[in-house]
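Below are my notes on the model, as numbered points. Please read them with the structure open.

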Amino acid sequence: MRQADVEFTVRTDLALEEREKVQGSEIPGIRVREWEKEETGIRVTEVAVCDERGEKALGKPVGMYLTVEAASLAKKDDDYHREVSEELAGLLRGMLKEHGLETEKMGRPVRTLVVGLGNPEATPDALGPKVLEHLQATRHLELEYGTDFCRKHGYPVLSGITPGVMAQTGMETAEIVKGIVQETEPDAVIVVDALAARSAGRLGVTVQLSDTGIQPGSGVGNHRSGLTEETLGIPVFAIGIPMVVGAAAIVYDTVEVMTEVLREKIGCDVLKKDDEVREAEDSDRDRNGEKKRKSREKKLEILRVEESYELVKELLKPDLGPMYVTPHDIDERVDFLSFTISEAIHEALFRTA
């Protein structure tokens, strides 16, 4: 792929959006299930990548991807955010159980390391570090009061780390986390990160939970070593909220909507008629009407969907190609969404302790 094409690739971290791009109601190797809670309006979509066919179709590793969509997350409503936290906690708790991470089965509290990915100095990328600010760590209690302390009080053995970004530390995040895992020996890792979305409408109102780990920076094209069960040797769960969308994606959406509006107003049948039919119709119109019709048709031809990619590249060159956009109130959103995620983690882990 040419460098120019790389810059104009519309990226997304959401398995749900990758599924939406694939044509057809059924895809081999992919299982989709969705449900909605009417009383809260919280919608959950489960995308299961079952085998290599699914991996190839979606570009996602085999595993479970749960997407929670809640439009009211954009508002600072404590009660609603509590409902979302409880929903996320239930989903996370279910994933932990599927991987055998239960106190009853293990005979001791589950040891969990939470990793807050991102750059705390860059607000759209600060979700992970912000979640760690709210985290109630308990591992130090076990170290200070003995191995039975957390079990007797119903606590998980919970620890957390904010590894920063490579530009700050000079180290890959995976290198840092591997060292911590080897030293502290947790049973599982939960990684929290800000994601990139394909649709601006999903920014800050969508949460993805997966059991496949995460590839730091993949949504914005910064490929780093993955944090996965294969690289760390223990189950890795990922929680993410899309905080940025590519400028290319916004232009794509705008072009598509504009095309549909124009086609509805002018008539999409004009584009479908062949030259002979058009010539026959032209003879029945006066000269001014013919000029107007051809002008409209030419504009619509430019906006054909199959040519939109090239149009977007021309519109964005040379400065806007790699640009990413974030909501104007991103600082406030990161603050209250980070608390929502931390509460979900607490709810899930403390109830399984």
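Predicted model: local features only at pLDDT ≥ 70, side-chain atom pairs only at ≥ 80, totals over all residues.

1. Gly 179 is located in helix 10, residues 173-184; helices (H or I, at least four residues) and strands (E, at least two) are DSSP runs, numbered from the N terminus. Gly 179 is partly exposed at a relative accessible area of 35% (buried is under 20%, exposed over 50%, partly exposed in between; 1.4 Å probe, protein chains only).

2. Residues are numbered from 1 along each chain as its sequence is written, and side-chain values use heavy atoms, with hydrogens and water left out.

3. The whole structure contains 3 aromatic pairs (rings of Phe, Tyr and Trp, the last by its six-membered ring, with centres within 6.5 Å; planes under 30 degrees apart are stacked, over 60 edge-to-face, the rest tilted). The ring centres of Tyr 155 and Phe 350 are 5.9 Å apart and their planes at 65°, so this pair is edge-to-face. Because Tyr 155 sits in the loop between helix 8 (149-153) and strand 5 (157-161) and Phe 350 in helix 17 (residues 330-352), the pair ties together parts 195 residues apart in sequence.

4. Tyr 155 is partly exposed at 27% relative accessible area, and Phe 350 is partly exposed at 24%. Together with Tyr 145 and Phe 149, they form one aromatic cluster.

5. For the protein chain, the count is 17 helices and 9 strands. Of its 353 residues, 47% are buried.
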